[in-house]
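Student: Could we go through this structure together, slowly? I'd like to understand what each number refers to.

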Amino acid sequence: MANMEYNVPSERWPVHPETATAEGKNKFVGFWIFLAGETVLFASLFATYLALKDSVPSDDHLLAAELFHLPLAFVMTMLLLTSSLTSVYAIYHMRNNNFQKMQLWLGITALLGAGFLALEIYEFVEYVGLGHTFRSSAFGSAFYFLIGTHGFHVIVGLIWVTLLILRNANRGMSVYTAAKVNTFALYWHFIDVVWVFIFTIVYLLGVL
Amino acid sequence: MAQTSTQKKGVGSVIWEYLTTVDHKKIAILYLIAGGFFFALGGIEAMLIRIQLAVPNNDFLSAGLYNEMITMHGTTMIFLAAMPLLFAFMNAVVPLQIGARDLAFPFLNSMGVWLFILGGIFLNLSWFMGGAPDAGWTSYASLSIDSPGHGVNFYALGLQITGAGTLMTGINFATTIITMRAPGMTYMRMPLFTWTTFVAAILIVFAFPPLTIGVFLLMFDRMFGSNFFIVEAGGNTIIWEHLFWIFGHPEVYILILPAFGIFSEIFSVFARKRLFGYSAMVFATVLIGFFGFMVWAHHMFTVGLGPTANAIFAVATMAIAVPTGIKIFNWIATIWGGSIEFTTPMLYAIAFIPSFVMGGVTGIMQAAAPADYQYHDSYFIVAHFHYVIVGGVVFGLLAGLHYYWPIMFNTMLNEVLGKITFVLFVFGFHLTFLIQHFLGLWGMPRRVFTFLDGQGYNAANMISTIGAFFMAAGVIILLINIVMTLVKNERVGTDPWGDGRTLEWSLPLPAPYYNFAQVPLVRGLDAYWIEKKQGDGKIIPAESVGDFHMPNNSIIPLIMSLGLFIASFGALYFADGKDWAIDAVSGLDAKPWALPVLVIGLGITFVSMGVRSWKDDLGYYVTKEEIEKDLEELERGAK
């Protein structure tokens, strides 16, 4: 019985399917409030990073200017920014009730996110090889905690979107799934915005 | 499918019901029981502290045990007693005040309570597992990194778990108040308790993440070998102080604002007057919340941030006195000329005004940065924050307990015993803490386990301890009152105080599990009062009787919380015996099982999240027929 409310026929598909139900509306408002909290969380991390940047116990530790290379960070930024764009396409198709295309663009978003994550892991491995680790200095701790928290958010987002794609594959489009997909999209944009700040504050300020 | 409260159920099914419940009224009871338990625990710790300090050179508690006692007293009272007890009243009352059938996220609400309960249990297991945290409730990094054993690990992990629950609850209440208000309930028609809950919820959203990060830094340093606070490796312990107080100062407003809300309701009901200056009260609440984030460094005047920083934070701190003063005058003006009923809640509310003003005045004294150098770390500070927290928050909790008891349990606490508790508690409170101002000015430092004979502190400390026993006696009488009331179980009907003004009093007691058979129409501030005076005393429904949607119960919140609880044991012992670990634990035996426990615990949590995301949870419908049947029964009962 309950299911009927969620499976809206295509001729009555709402302009904003994600907030068409009371739960959808709550999710939308609640998730924005959650993101406000996440903003403060990352602000605290940035503050900690700036306080401990280049703070190392002795001269033989590498500093930010010697470690970071912008080309890699630039490629990562492009991957993540593009994935934000593709998630917008997914939402666009969700609003047009085009389930297959929504799934497709969500899949592309996940692939771009996975590419970003692979590059981040590559970067971490390289730094560890150079002696810059989580335990080597306060700078190392702060760097890995900030970037790692962002990376952890990316991993959570990837698992999340994969689960959504798989679970929705059998269920198709409904205002119930629309709310779920939209919440993920909000989250993914947020991760992207945080990365823009990381690129500026950590990498650009680091090498300048 | 749906359970009505009249059905008889076995003990097992009642327990299962509470383990899986997503009903805000039942979650309120869980918060009240668990919060009350931790309040008693924190109170016992306080008594042990006062016994130790009763006479000079006492050896009732050892110095180390005393440190554990003050740490656990503070941590327990703030995180495990005051906040959860406020959440109990918020859960019990706010959805009813705004005419909602539940919170916006009932599932999250259940998670919040289980994270709090398990976090509290975890923190207190430290007493039996090698010693409690002993670096103070503020756990400054310079102390906490050097604290031997696992005590501070318990602090960090326990706070992380309860903190996550609190954050969820904050998001939940903020969303609920934005989206779930009944038709006609505009922002400027919300009862003051709803308003203060709203502002406190938003403060939680912004204040708890810095604590989360601060505690993560502490966890990583103590359990995973990082160097945030290890000065030899480039670390900086002041970061902890900033993060802690960026959380810690708003936290005191998270506690006091809902208490202000409870008092506002009580003043208005028992003076039988509309709250004086409603819009000024709302404005002052928002302003206090806003300023709350700009004053954290007044806890750090003696750190050496420099005269500019100190001056800015001093001025911002003094500015908070303005909206608080507005509130005080509005409460007085509300009572002024009212027809006052001296019920137990009203007595607490009246006692609150002078007590809280005294705490506020000493707060302004400390806001003057140069003077603060004299007060810092003395008993003057202890006296100040107990005046605002006991004289404000705890009075508010006790007032709220008596006032909202009928809504939560459908009976009334005994008024005579309530007044005896009031006299003992308020008298004991002033006896305990007034003298501590002077002890502080005479030079007695806080957080020191004893003092010497001949320093001039003997009489004052003895007086303070005697006062603590009066407070304890008051609490014991309250417990007797609660037990008696529960045993007698004399049910009361709608609007038991007779003068209820807001929607929560318009409901039949016990309220149906769906709260409102029909969503109410709100015609103004004090919606129920308006209907009493201008209508027929019945709330006008905003919809015809029909089907509506309710959420399903779920065990997943408890399982998710249990996963984090289990993972915490893995993290707790992870650094033992490792060569990269801090000195405090590197000498202990290595625990090879720590990592698997950590991974399994986190696995349980994340798999539960996945299951939650995978399964459709569409809830169920309460049918028109069932509502009509309930309404008929109610009609019959009224005749």
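Student: How much of chain B is buried?

Tutor: In chain B, 54% of the 639 residues count as buried, where buried means that 20 or more other C-beta atoms lie within 10 Å of a residue's own, exposed means 12 or fewer, partly exposed lies in between, and the C-beta atoms are placed from the backbone. Keep in mind that this is a predicted model, in which local features need pLDDT of at least 70 and side-chain atom pairs count only at pLDDT 80 or more, while totals for chains, interfaces and linings use all residues. Residues are numbered from 1 along each chain as its sequence is written, and chains are lettered from A and ligands numbered from 1 in the order in which they are written.

Student: OK, and what is chain B built from?

Tutor: Chain B has 20 helices and two strands; helices (H or I, at least four residues) and strands (E, at least two) are DSSP runs, numbered from the N terminus. The radius of gyration of chain B is 25 Å, close to the 26 Å from the globule rule for 639 residues, so chain B is as compact as a globular protein of that length. That radius is taken over C-alpha atoms, and the globule rule is 2.2 Å times the number of residues to the power 0.38.

Student: What box do the C-alpha atoms of chain B fill?

Tutor: Taken along the principal axes, the box is roughly 75 × 60 × 50 Å. Among contacts in chain B between residues at least 6 apart in sequence, 82% join residues at least 24 apart, and two residues are in contact if their C-beta atoms, placed from the backbone, lie within 7 Å.

Student: Now chain A, how many helices and strands there?

Tutor: Chain A comes to seven helices and zero strands, and its C-alpha trace spans about 70 × 30 × 25 Å along the principal axes. Buried residues make up 42% of the 208 residues in chain A.

Student: What is the mean pLDDT of chain A?

Tutor: The mean pLDDT of chain A is 93, and 98% of its residues reach 70 or more; pLDDT is the predictor's confidence in each residue, from 0 to 100.

Student: Let's pick a residue in helix 5 of chain A, say A:A118. Buried or exposed?

Tutor: A:A118 counts as exposed, with 12 C-beta neighbours inside 10 Å. The C-alpha atoms of A:A118 and A:Q100, 18 residues apart along the chain, are separated by 27 Å.

Student: How many residues does each chain bring to the contact between chain B and chain A?

Tutor: The contact takes 37 residues from chain B and 32 residues from chain A. On the side of chain B that touches chain A, the elements giving two or more residues are helix 6 (151-179), helix 7 (192-223), helix 8 (238-270), helix 19 and strand 2 (620-622) of chain B. The largest share of that side, eight residues, comes from helix 7 of chain B.

Student: And what kinds of residues are on that side of chain B?

Tutor: They divide into 23 nonpolar, 12 polar and two charged. Here Ala, Val, Leu, Ile, Met, Phe, Trp, Tyr, Cys and Pro count as nonpolar, Asp, Glu, Lys and Arg as charged, and the others, Gly among them, as polar.

Student: Which residues are buried in helix 19 of chain B?

Tutor: In helix 19 of chain B, the residues B:A594, B:L598, B:G601 and B:S608 are buried. Seen down the axis of helix 19 of chain B, these buried residues fall within an arc of 105 degrees, so they line one face of the helix; the arc is that of the directions from the helix axis to the C-beta atoms. They pack against helix 17 (556-573) of chain B, while the face turned away from the buried side carries the exposed residues B:P596, B:V599 and B:W614.

Student: What about phi at A:N97?

Tutor: A:N97 has a positive phi of about 60 degrees although it is not a glycine, and A:N97 is partly exposed, with 16 other C-beta atoms within 10 Å. Most residues other than glycine have a negative phi, and most peptide bonds are trans.
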